[in-house]
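Morning, everyone. I'd like to walk you through one structure today. Please bring it up on the screen.

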Amino acid sequence: MKRIAVLCSGGDSQGMNACIKAIVDTCASNNVTVLGINRGYQGLIENDVRVLSKLDVANIETIGGAVIKTSRSEEFMTEKGFRKAIENLKMNDIEGLVVIGGNGSFRGCRDLVNAGVNVIGIPGTIDNDLFYTERSLGFDTAVHQCVKMITAVKQTMFANNRASVYKCMGRKCGDIALHTAVSVEADSFAVSEIEYSIDQIVSDVKNSIAHGETAPVVVMSEGSPLDMDEIVRAIETQTGLVTRGMEIGYIQRGGEPTYYDRMLGVRWGVLAVQLLMQDMTNLALGVKNDKIFSTPLIEVENVLQEFRVDMVNDLRTLHALPKI
Ligand code: F6P
């Protein structure tokens, strides 16, 4: 293939820009024309397309977001919108398309594959919920942002002998909350993957207080069925500590990508172009044990992964709590 395109879709994630840059640079070195489709599938429907040069992507690897922007396109899910998207791919002579996105975007990839489009899917989502791959772009930075924020807030909580509860993003996936909780030695932890009650959280917090903790921390995922305000009230009334609840929010989706997300973005960007140059398509890229791989896009839909209970138990052992 000599003419390809790239788009970002769904929630943006740190490392997308590093990936776009690597795609454009690899194309420039190999005389492949690369088009950037602005605003994801919606931009494809509206033919918001331009050729990307090395100069267009210079120095973008250090910033979060996506320079070609992203969207969650409802129109792409309609027959008319989907047909328009296919027409525009043909009109622009696009031989292969790289989609960087999460779960919803991968569904779009599979529809495109079924319609005869040559697609490579790159996992780009802070949620880490594409289970065929150990990591997706942005997850490492999102956890880094959560850890940084909780560490800063904990300093003021500690000075005031206050408890605090933090809610991480991740949709139904508790990975951001888990990795964050372990990193900050959270005293208790709640995700949708493990059944847990507010009473158990309060009991964990009391256990930490009994062992000398003066500013206990609870980390939860947005997918947890528990209510953050209720957790805050329960800790406050049952321990007597002033307790604050905070949604970490969009700060975890922004900011400079970590080296890891940049590196992953570069490696996947290079691999995507390499594959398309050899006319190898309809693949999803992933990473396992630090090795990047490609696997049929059609097959990654139903891959499930066990939640890392071993990591939860590391944390519980730290607080002398029984393993689950
Ligand atoms: O999928 C990424 C994500 O940041 C989720 O963690 C979060 O639930 C959602 O997107 C927020 O979506 P939006 O940016 O549309 O508010």
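Let's begin with a helix. Helix α5, residues 139–159, lies across β6, β8 and β9. Against β6, helix α5 runs at about 165°. Keep in mind that this is a predicted model.

Now the sheet under discussion. What is the strand order? It goes β7-β8-β6-β9. Four strands, forming an open sheet, with parallel pairing. As background, strands of a sheet pair through backbone hydrogen bonds, either parallel or antiparallel.

Which strands stand at the edges? Those are β7, residues 188–190, and β9, residues 243–247. Each has a single partner strand, so one side of each is left without a neighbour in the sheet. Neighbouring strands here are turned by 15° against each other on average, ignoring direction.

Strand β6 covers residues 163–168, and strand β8 covers residues 217–221. Five bridges join β6 and β8, in the parallel sense. For a landmark, find S164: V217 in β8 stands opposite it.

Next, the cysteines. A disulfide is a covalent bond between the sulfur atoms of two cysteines. How many disulfides do we count? Take C109. The closest cysteine sulfur is in C8, 12 Å away, and that is too far for a bond. C109 is buried, at a relative accessible area of 0%. Then C146. Is C146 buried or exposed? C146 is buried, with a relative accessible area of 0%.

On to a helix pair. Two packed helices are described by the angle between their axes and the distance between the axes. Our pair is α1, residues 16–29, and α9, residues 259–277. The angle is about 35°, and the axes are 7 Å apart. The crossing of α1 and α9 is right-handed.

Which residues meet there? From α1, we have A18, C19, A22, I23, T26 and C27. From α9, we have R262, G265, V266, G269, V270 and V273. By class, this contact of α1 with α9 has eight nonpolar residues, three polar and one charged.

Now some loop residues. Where is N38? Look in the loop between β2, residues 33–37, and α2, residues 40–45. N38 counts as buried, at 13% relative accessibility. Its contacts, leaving aside neighbours within four places in sequence, are G43, L44, D48, R50 and I68. Now look at V49. N38 and V49 are 11 residues apart along the chain, and their C-alpha atoms are separated by 6.1 Å.

Last stop, backbone angles. N289 has a phi near 50°, a positive value in a residue other than glycine. N289 is placed in the loop between β10, residues 283–288, and β11, residues 291–296. N289 is exposed, with a relative accessible area of 60%.

A320 is another one to look at. Phi of A320 is near 55°, again positive in a residue other than glycine. You'll find A320 in the segment after α10, which spans 309–318. A320 counts as exposed, at 57% relative accessibility.

Thanks, and over to the group.

Definitions and conventions
Residues numbered from 1 in each chain as written. Predicted model: local features only at pLDDT ≥ 70, side-chain atom pairs only at ≥ 80, totals over all residues. Heavy atoms only, no water. Disulfide = S-S within 2.5 Å. Buried < 20%, exposed > 50% of the residue type's maximum accessible area, 1.4 Å probe, protein only. Helix = DSSP H or I, 4+ residues; strand = E, 2+ residues; numbered from the N terminus. Pairing = 2+ DSSP bridges. Axes fitted to C-alpha atoms, helices over the stretch in contact; angles between N-to-C directions. Contact = heavy atoms within 4.5 Å. Left-handed = near helix turned anticlockwise from the far one by under 90°. Nonpolar A, V, L, I, M, F, W, Y, C, P; charged D, E, K, R; others polar.
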